[in-house]
Amino acid sequence: MLKEYLADFTSLIYPQLCASCGLGLYKGEEVICTFCHHYLPKTYYHLERNNAIEKHFWGRVNIERAASCYFFQRGSRVQHLIHQLKYKGKTEVGVAIGKIYGNDLNHSVDYCTVDVIVPVPLHKSKEMKRGYNQVDLFCEGMAETMNKPWSKHALERLKATETQTHKTRFERWENVGTVFHITNPDSLKGKHVMLADDVITTGSTLEACAQAILAVSDTRVSVATIACAVM
Ligand SMILES: [Zn+2]
């Protein structure tokens, strides 16, 4: 009772703000306000086989399913959310979106067969600098509502350099296994792995991660990201 009273009192002085629109949150709302929760642009790609993201991977890597929670646009609330998560230390944003998306993915028969969730890793030096990997928080939220394990160290990033974007297909292929490393292949054997990332743009990072996982025998890979800027 006293605790509740104090929480109400504190929120009068320091109102909690919606990480998406920046307006004050009402009692019972967490991280994202009810309005934003309903009006952020969801893709619903998890319910659509052969969607635009999956087509994006065709001919590059054999992905079972690929989907994103939201459409990404410059200057949008979705960009604001991701900015808060990546650069403003708002780790709770990642967990909140993860929970929302995990609930959505539970409605897909394909995503229900996932065995383990694996985040696209940051290089150690980058994670040290930021203090966390934003994708880990997204995984944590999804793991909770999907009731599945997630594995922080299944994949390791060996090179600090970002991008494969401007590489040719052959160079990208050459890069496989040199950028991402599977720490314990036996732990993934025979599993349906759900790779998670924040924003999918060119898809080359996810492609490299998927190739590394698919090199382990009898694995399948699906993809889930917070937002997509594909197309
Ligand atoms: Zn809002």
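Tutor: Begin with burial: a residue is buried if 20 or more other C-beta atoms lie within 10 Å of its own, exposed if 12 or fewer, and partly exposed in between, with C-beta atoms placed from the backbone. Helices (H or I, at least four residues) and strands (E, at least two) are DSSP runs, numbered from the N terminus. This is a predicted model: local features need pLDDT of at least 70, side-chain atom pairs count only at pLDDT 80 or more, and totals for chains, interfaces and linings use all residues. Residues are numbered from 1 along each chain as its sequence is written.

Student: How many helices and strands does the chain have, and which residues of α5 are buried?

Tutor: There are 10 helices and six strands. In α5 the buried residues are Val93, Gly94, Val95, Ala96, Ile97, Gly98, Ile100, Tyr101, Gly102, Asp104 and Leu105. That is 11 of the 15 residues, so the helix counts as mostly covered. Across the chain, buried residues make up 40% of 231.

Student: What do the buried residues of α5 pack against?

Tutor: Packing is read from contacts: two residues are in contact if their C-beta atoms, placed from the backbone, lie within 7 Å. The buried residues of α5 pack against β1, α4, α7 and β6.

Student: How do I check the length of a helix?

Tutor: The expected span is 1.5 Å times one less than the number of residues. For the 15 residues of α5 this gives 21 Å, and the end C-alpha atoms are 21 Å apart, which agrees. The 13 residues of α7 should span 18 Å, and the end C-alpha atoms of α7 are 19 Å apart, which also agrees. After α7 comes Asn147, with a positive phi near 55°.

Student: Is α7 enclosed or open?

Tutor: α7 is largely enclosed by the rest of the structure, because 10 of its 13 residues are buried. The cover over those buried residues includes α4, α5, β2, β5 and β6. Met142 is one of the buried residues. Leaving aside neighbours within four places in sequence, Met142 is in contact with Gly98, Tyr101, Gly102, Leu105, Ile117 and Ala196.

Student: Which residues touch the most other members of the largest nonpolar core?

Tutor: In soluble globular proteins, nonpolar side chains tend to be buried together. A nonpolar core is a set of buried Ala, Val, Leu, Ile, Met, Phe, Trp, Tyr and Cys residues joined through C-beta atoms within 7 Å. The largest one here has 63 residues, and Ile117, Met142, Leu195, Ala196 and Cys209 touch the most other members. Elements giving two or more residues to this core include β1 (66-71), α5 (91-105), α7 (134-146) and β6 (220-228).

Student: How does β6 pair with other strands?

Tutor: Two strands pair if DSSP finds at least two bridges between them. β1 and β6 pair in the parallel sense over five bridges, with Ala66 bridged to Val223 in β6. β5 and β6 are also parallel, over eight bridges, and Ala196 stands opposite Ala224 in β6. Nine of the nine residues of β6 are buried.

Student: Is Val116 buried or partly exposed?

Tutor: Val116, in strand β2, is partly exposed because 16 other C-beta atoms lie within 10 Å. Not counting residues up to four places away in sequence, Val116 touches Lys148, Pro149, Trp150, Ser151, Lys191 and Val193.
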